[in-house]
Each structure stands twice: as C-alpha cells, then as structure tokens.
Amino acid sequence: MTAREELSVAVIGGGFAGIGAAVRLSQQGIGNIAILERGTRPGGTWRDNTYPGAACDIPSRLYSYSFAPNPDWSHTYSGSEEILGYIDSMIDKFDLGRYFRFEHNVVDLTWREELSLWEITIDDREPVFARTVVMASGPLANVSLPKITGIETYEGEKIHSARWNHDYDFTGKKVAVVGTGASGVQIVPELVRVAESVKVFQRTPGWVLPRANLGTRQITRTMYRRLPFTQSLARKAWFWGHESVALGVVWKSPLTRVVEGVSKLHLRRQVRDPWMRRQLTPEFRAGCKRLLMTSQYYPALQKDNCTLVTWPIAGMSAKGIRTVEGIEHQFDAIVFATGFDVSKTGSPIPVTGRDGRVLGDEWSKGAYAYKSIAVSGYPNMYFTFGPNSGPGHSSALVYMEAQIDYIVDAIATAVNQNFVLDVRAGVQKEYNDELQKRLTKTTWNSGCSSWYLTEDGFNATMFPGFATQYVKQLETVVLPDYSVTAANVAAPDDDLVAGTI
C-alpha cells in the first residue's frame, strides 16, 4: 500500500489568513502543518490583483497584523506591490516557506469518521489527511464576470481586474470599464492617462469619500523602528477612528447624514457639472454598499477622453457593448471591474461532513457558522473570514487576527489532547438567530442591492456591530459550546504516516 500523509493542520490558502494562521500555529508549537496553495506563489488577493492603481483603502497601520508590525510603510495607504512585499517579509521573518505547497489545488474535503481525519483531495496529486483544517481561501479568491448576453461573442481584449494582462498595451486604445466599485474607481484614473478614450459603464453610483494618501517621512519610520510602542499607538488611533465610523455606516443614525454630507461635499468640490453630479449621487443610505475611498476618480471622469455611461447594458456584440437605448459602443478592450464570486450560498470547495452531510447543500439558502468560525457537523474544521465576519467600517485584518487566535486555541486543544471538536447545533442556531435579528437594523439590510446579500436578501456576509464586539466574542474557546469526543486512533496497519507536533 502507498503510504499516506497525516498532518496536524492543513491550511487551505496562502494569503493573509493562511499566513497569519501558520505564524500563530508555529508559535503554539504546532509544526506539522501544510499550507495548500493553488497558485505558484503566496499572497492571495494581493497576488492576483495587480491592476494599475491597485491599493488598499484601509490605512496600512491597520491593514497589517499587530504581531507583525511594519515600520516602513511608505504611505498612509499602501499599493498592492508594497502589501505583497509585507506578506513576503512575514514569510521570511517567521520561516513559513517550509510549510508551503504550491500548485496544490484542493477540490474536495471529506470527514473520515473512522479515522477522525479530514481527507483532502488535491488536483493531480495524492490526497492528504489532516486532524484539523483551516479554510483560509478567503472570499475574494474566485473572479466573477458579469452575466451579460453575448459576452462570449466579443472579439476584442477582455480583462478582469483580478486577472490583469500586463502584456496588453492600452496606449491609444478605445477602452470600456464595466463596474464602478472599489477596483473600478482605482483603474479608471490609470487608464485615462494612456488610452485614447475610456467609457465607464456605471450601474449604481457609490458614496465616495476623499482619500489623502500622504507619504511617511523617514523620521517617522525611524521612530517606529526604534520605539515600537509609537507605532502601536498610531495603530490604536487609526483603529478607534475607524471604530467611530461604525456609528454612521453600520446603523442609520445622525452620523450617517454626516458621512453622506462629507461625500456630497467631496463630489461638489471635484465635479463641476450639475448633471454629472446628479448621475454620481447615490439614492441609498451610506454604508448600504461599500464606501469608496478615492480622490482621483471624479477628476478622471471629467477628462476630455473619458465618458460616463449610465444607460443599462443590454448585451455585448463582436465589437463592443450595446446599451438599452440602442447604441453600440465599440472598443479595442473591455475591463471588467466586477468583483468576485463570493460564496454567500454553497461552499467554495465541496465539503462532506459527518453522516454524509454536504456543506454546499446546507448553505444553499445562505451561509452561516458559529461566530463565523465553525459549522456544526463539520468537526475540527475552521473558517477564516467565514460567514458574517465582514466589517463595513474597519480593517478585515482586525477581524481576521481575532479569528486566527481563536482557531489556533481550538486546534491546540484538538491536537494536543487528541480531541474532536464539533460545535453544537443548538448553540450555532441561537447565535445565528440573534445575529440575523441584529442585521435587520443595519444599513446593509436597508433596501439596497449589494454583494453582501443573497438574491433572497439574506445577509451572509457582514457582522452587525463594532470591531471591538467581534473581537471580544472570540477571546475564549468555550468548550461547552462544542461536542468534545476522543479522536479515533489509526490502527497500526492503516496506511497513514503520522506526523509529529
């Protein structure tokens, strides 16, 4: 028989979440782990999103792990290349390269009750087994092209923002940009600089706030390096500043009008034409969709070679895009800044749990989990950035760091004591019933259409509260919330190679 491998922990995904999990696991002395990454290098969404202008709209001090501070951020908000460099520096600092297995595309996970192990099926490779699994693939992993009639007939260059073709030269080209979300507003200013013409197809305008991206002075970097507590104080200041924003964007309140007022003032200051301002003014409450942070987008729209198109798209042809009023717009290239296929229903990877239950079926009407982390019936499996862990006002890494520390504590209990932990169904239901009740009072559920919601209006994405509330609920693994049983031990003749902790 061919020997099979048994891991203590299989981490699926080599982006921010997978790397953070590996750091904390190794610090707990759990070394028999593997990071299964389908790509050829780490980085997750920041490896994939290399379009011109790609950057984070959360300040760098906050968009980083507290256990891996970086005193050398060059600006308030970092570009994708600098963020990717930060990720690489963490891998080097914590010696994580030994855990990575590239071109390991996980296509199935099945719980083997008789072994108390997860069987992990990998494309064109032997399966591996693991005591515990961390699903760190993230919500922004799979690109999504819009469902436009005739999209396959278009003969020009089609580029998705997260699969950028750096070999294509936009100089002197006629270009369309479909989508005006977080990626779109970063791409448009860059294309306007080089293309002959750019037409921006807007379905719904968003609330846009100014983004002052100041450079970090060398004296400040030196201070952060020599006096680490000063960088920690800067991070806390950014945290509490963003935490206060929740009062205006998570719930409808007088501060919501303040956020909208700042956005409208920003629009008035940057856009001269009253009709264009009307086209760019949202009709929903601030926070219902993701807030956009840019000071370059509005000026780019007013350049002589840029046109804003607000007529709905009817379909595509061999030469371009047809809008509902009957006009065909012809282009050399079309850029789709249309986001990702976020798993609000179903699961990103087929997962079979206890008694043959299938996670995709259970999530068919909307994903759910206990504290975003664990799902009943799928023991010793944990999610980072799982259902209802999205922040509307703060850094995803604040939430993710709390998740990772909770997960590592649970894994240490399972691995060191040879336990199987399975969250109790009743506890899970009680948590989610209360969470969905709280969501009804948030701006996300106030009537607009967004990627936060399923087609039926179920919010499987966002957390209805402050970041401090989310972090606090993950401070301790409460074992009574779980069914805790002893793991079955593989018999001597089982074809498994046991790892060491």
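A: A crossing is left-handed if the near helix is turned anticlockwise from the far one by less than a right angle, and right-handed if clockwise. The crossing of helix 1 and helix 11 is right-handed. Please note that this is a predicted model, in which local features need pLDDT of at least 70, side-chain atom pairs count only at pLDDT 80 or more, and totals for chains, interfaces and linings use all residues. Residues are numbered from 1 along each chain as its sequence is written, and side-chain values use heavy atoms, with hydrogens and water left out.

Q: At what angle do the axes of helix 1 and helix 11 cross?
A: Two packed helices are described by the angle between their axes and the distance between the axes. Helices (H or I, at least four residues) and strands (E, at least two) are DSSP runs, numbered from the N terminus. Axes are lines fitted to C-alpha atoms, for helices over the stretch in contact, and angles run from 0 to 180 degrees between N-to-C directions. Here the axes of helix 1 (residues 16–27) and helix 11 (residues 396–416) cross at roughly 45 degrees and come within 9 Å. Helix 1 is therefore oblique to helix 11; angles under 35 degrees count as roughly parallel, over 145 as roughly antiparallel, 65 to 115 as roughly perpendicular and the rest as oblique.

Q: Which residues of helix 1 and helix 11 meet?
A: Contact means heavy atoms within 4.5 Å. Phe16, Ala17, Gly20, Ala21, Arg24 and Leu25 in helix 1 meet Leu397, Met400, Ile404, Asp405, Val408 and Ile411 in helix 11. Sorted by class, the contact of helix 1 with helix 11 has nine nonpolar, one polar and two charged residues. In this scheme Ala, Val, Leu, Ile, Met, Phe, Trp, Tyr, Cys and Pro count as nonpolar, Asp, Glu, Lys and Arg as charged, and the others, Gly among them, as polar.

Q: How do helix 5 and helix 6 cross?
A: The axes of helix 5 (residues 218–226) and helix 6 (residues 228–249) come within 4 Å and cross at roughly 110 degrees. These two helices, helix 5 and helix 6, are therefore roughly perpendicular to each other.

Q: Is Asn305 buried or exposed?
A: Buried means under 20% relative accessible area, exposed over 50%, partly exposed in between (1.4 Å probe, protein chains only). With a relative accessible area of 19%, Asn305 is buried. Asn305 belongs to the loop between helix 9 and strand 12 (306–309).

Q: Which backbone oxygen does the side chain of Asn305 reach at 2.9 Å?
A: A polar contact is a pair of N or O atoms within 3.5 Å; within protein, one must be able to donate a hydrogen and the other to accept it, and residues adjacent in sequence count only if both atoms are side-chain atoms. The side chain of Asn305 reaches the backbone oxygen of Val192 at 2.9 Å. A polar atom of that side chain of Asn305 also lies 3.1 Å from the backbone oxygen of Ala195.

Q: Where does Thr294 lie?
A: Thr294 is in the loop between strand 11 (292–293) and helix 9 (297–301), and Thr294 is buried at 4% relative accessible area. A polar atom of the Thr294 side chain lies 3.1 Å from the backbone nitrogen of Gln296.

Q: What is phi of Ser372?
A: Most residues other than glycine have a negative phi. In Ser372, however, phi is near 70 degrees, a positive value. Ser372 is buried, with a relative accessible area of 1%. Asn418 also has a positive phi, near 55 degrees, and counts as partly exposed at 28% relative accessibility.
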